[in-house]
Amino acid sequence: MKKKKNIKIIDNFLDKKIFKRLQAFLLGADCPWFYNKSKVKSSLKPDSPIKGYESNNPHQFTHAFLRSERWSNWAENMAPLLNKINPRVWIRVKGNLSSIHSKHLVGDWHCDQHTNGVAWKDTTTSIFYINTNNGYTMFENGQKVPCLENRLAIFPNHMIHAGVSQTDTQVKVTLNLNYLNEKNKAKVKKLEK
């Protein structure tokens, strides 16, 4: 496990056999993907915090495995990953699929969960990388997390980040996970006493 400031990275997060089943589902013909004109739907998108990394706003395909407390019919395929993370509360589980581009395109800068532009500070965001490629996640502090299959990056929800597309594989697939973790669980119990 590597730790980069506020970003915790765990390589080989799932057992190899379990990971390969999840990867086969997400890269195969059985997982439905839905077209989105842009990577971030919010009207509250911050400007690029890093010069040279302005958003190109590329399209992507998504699958909402969990949104607004509703699980999709395909969510059971996520069970090994979700059970291993095992947070107190799942907020959102979303698959992202980016198609190949001739150059690296920067998605919109954002934090995943917010209300009126204010990030939820008690929420954890994780990105689980499904396939290895030369795309990456860029953070407001200049850190890059390369796309390496079976890698989990964990960071506070308030960290602004952007996905950067790949040029070397047909698709880049990640799972975006938002949840309240165990630290929050202890806090909540204390507040209830």
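A residue is called buried here if its relative accessible area is under 20%, exposed if over 50% and partly exposed in between (1.4 Å probe, protein chains only). The model is a predicted one, so to speak plainly about what was counted: local features need pLDDT of at least 70, side-chain atom pairs count only at pLDDT 80 or more, and totals for chains, interfaces and linings use all residues. Numbering runs from 1 along each chain as its sequence is written, and side-chain values use heavy atoms, with hydrogens and water left out.Confidence comes next. With pLDDT being the predictor's confidence in each residue, from 0 to 100, the protein chain has a mean of 85, and 82% of its residues reach 70 or more. Helices (H or I, at least four residues) and strands (E, at least two) are DSSP runs, numbered from the N terminus. Among these elements, helix H1 (residues 16-27) has the highest mean pLDDT, at 98, while helix H3 (residues 182-192) has the lowest, at 43. The pLDDT is below 50 over residues 184-193, a stretch with four contacts in the model beyond near neighbours in sequence; contact means heavy atoms within 4.5 Å.

On to the aromatic rings. Rings of Phe, Tyr and Trp (its six-membered ring) pair if their centres lie within 6.5 Å, and planes under 30 degrees apart count as stacked, over 60 as edge-to-face and the rest as tilted. Five aromatic pairs turn up in the structure. One of them is Trp90 with Tyr179: the ring centres are 5.2 Å apart and the planes sit at 65°, so this is an edge-to-face pair. It bridges distant parts of the chain, with Trp90 in strand E6 (residues 89-99) and Tyr179 in strand E14 (residues 171-180), 89 residues apart. Both Trp90 and Tyr179 are buried.

Phe139 and Phe155 are also edge-to-face, because their planes lie at 85°, with 4.8 Å between the ring centres. Phe139 belongs to strand E10 (residues 136-139) and Phe155 to strand E12 (residues 151-156), so the pair ties together parts 16 residues apart in sequence. Phe139 is buried, and Phe155 is too. Elsewhere, ring pairs link Phe13, Phe19 and Phe128 into a cluster.

A charge sits over a ring if NZ of Lys or CZ of Arg is within 6 Å of the ring centre and within 35 degrees of the ring normal. Lys84 has its charged end over the ring of Phe13, 4.6 Å from the centre, and Lys144 lies over the face of Tyr136, at 4.8 Å from the ring centre.

Finally, Gln143 is found in the loop between E10 and strand E11 (144-146). Gln143 is buried, its relative accessible area being 11%. Its side chain makes a polar contact of 2.5 Å with that of Asn141; such a contact is a pair of N or O atoms within 3.5 Å, where within protein one must be able to donate a hydrogen and the other to accept it, and residues adjacent in sequence count only if both atoms are side-chain atoms.
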